[in-house]
Amino acid sequence: MEKNGTLVKKIDILLIARRIRFLGIAITVGIILIYSLGLFVSSNYVNKELSSFNLLSLAIVAFFCFPSFFIKKFLFKKINSKNFATAYFNAHLVPFALCDLGGLFCITTNLFVNQNIIYATTGLIVAVMFLIINFPGFNDYDSLNL
């Protein structure tokens with residue numbers, strides 16, 4: 001009987017992981033799309049007096065993206081067999097939201113408020129990198145306390 005329960009949990013993880021991956025891909029495509037559209041209008045917005053805001057936006061993307069990995073690990077520790085489906089989904093959703101927030105803030109600040117393509121590209125790379133890091137892994141079932 002225990003093998004069937006384990007198999008059911010593994011199938012549940014695969015189905016939830018598929019939804020999470022779809023959500024992660026949609027967020028990644030959205031960030032890249034905003035970046036691409038910002039490249040077309042970025043030459044119109046150059047404000048020398050707002051240059052310190054560019055560096056601040058890069059710090060904000062780091063502030064939101066770097067801890068997202070540790071938040072995912074922390075939320076994984078709270079998953080048990082009773083709250084499995086929602087807790088597993090939320091353990092990925094919260095880091096995705098943090099990376100999305102930081103990445104979009106950096107990209108829009110550096111392309112739409114004050115042009116700085118280098119900072120915008122760095123923010124894009126950091127956000128997408130951490131989104132990919134936070135994708136569901138193949139060994140997630142082994143790391144859960146079920």
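The axes of α2 and α3 come within 8 Å of each other and cross at roughly 175°. That makes α2 roughly antiparallel to α3; the term covers angles over 145 degrees, while under 35 degrees counts as roughly parallel, 65 to 115 as roughly perpendicular and the rest as oblique. This is a predicted model, where local features need pLDDT of at least 70 and side-chain atom pairs count only at pLDDT 80 or more, while totals for chains, interfaces and linings use all residues. Residues are numbered from 1 along each chain as its sequence is written, and side-chain values use heavy atoms, with hydrogens and water left out.

**Overall make-up**

- The protein chain has 5 helices and 0 strands. Helices (H or I, at least four residues) and strands (E, at least two) are DSSP runs, numbered from the N terminus.
- The order from the N terminus is α-α-α-α-α.
- Of 146 residues in the protein chain, 35% are buried. Buried means under 20% relative accessible area, exposed means over 50%, and partly exposed lies in between (1.4 Å probe, protein chains only).
- Contacts in the protein chain with a separation of 6 or more come 87% from residues 24 or more positions apart. A contact means heavy atoms within 4.5 Å.
- The accessible surface of the protein chain is about 8,600 Å², and 70% of this belongs to carbon and sulfur atoms. Areas come from the Shrake-Rupley method with a 1.4 Å probe; for residues, only the protein chains shown count as cover.

**Helix pairs**

- Axes here are lines fitted to C-alpha atoms, for helices over the stretch in contact, and angles run from 0 to 180 degrees between N-to-C directions.
- For α2 with α3, the contact residues divide into 19 nonpolar, 9 polar and 1 charged. Ala, Val, Leu, Ile, Met, Phe, Trp, Tyr, Cys and Pro count as nonpolar, Asp, Glu, Lys and Arg as charged, and the others, Gly among them, as polar.
- α2 and helix α4 (residues 117-133) pack at about 5°, with axes 10 Å apart. The two are therefore roughly parallel to each other.
- On the α2 side, that contact includes Asn-54, Leu-58, Cys-65, Ser-68 and Lys-72. On the α4 side, Tyr-119, Gly-123, Val-126 and Phe-130 are among the residues involved.
- The contact of α2 with α4 holds 11 nonpolar, 4 polar and 1 charged residues.
- The axes of α3 and α4 come within 8 Å and cross at roughly 170°. These helices are therefore roughly antiparallel.
- From α3, residues including Phe-96, Cys-99, Gly-103 and Asn-110 meet α4 residues, among them Tyr-119, Ala-120, Leu-124 and Phe-130.
- The α3 with α4 contact has 12 nonpolar, 3 polar and no charged residues.

**Nonpolar core**

- The largest nonpolar core has 29 residues, and Ile-31, Cys-65, Ile-79 and Tyr-88 touch the most other members. Such a core is a set of buried Ala, Val, Leu, Ile, Met, Phe, Trp, Tyr and Cys residues joined through side-chain atoms within 4.5 Å.
- α1, α2, α3 (84-113) and α4 each supply at least two residues of this core.
- α3 gives the largest share of the core, 9 residues.

- Ser-68 lies in helix α2 (residues 51-77). Ser-68 counts as buried because its relative accessibility is 0%.
- Leaving out residues up to four places away in sequence, Ser-68 touches Pro-95, Leu-98, Cys-99, Phe-130 and Asn-134.
- Asn-110 sits in helix α3. At 0% relative accessibility, Asn-110 is buried.
- With residues up to four places away in sequence again left out, Asn-110 touches Asn-54, Ser-57, Gln-115, Asn-116, Tyr-119 and Ala-120.

- Val-41 belongs to helix α1 (residues 2-41). Its relative accessible area is 27%, so Val-41 is partly exposed.
- The C-alpha atoms of Val-41 and Phe-112 are 7.1 Å apart, across 71 residues of chain.
- Ala-97, in helix α3, is partly exposed at 43% relative accessibility.
- Between Ala-97 and Ile-27, 70 residues apart along the chain, the C-alpha separation is 8.8 Å.
- Lys-10 is in helix α1. With 39% relative accessibility, Lys-10 counts as partly exposed.
- Lys-10 and Asp-140 are 130 residues apart along the chain, and 9.4 Å separates their C-alpha atoms.
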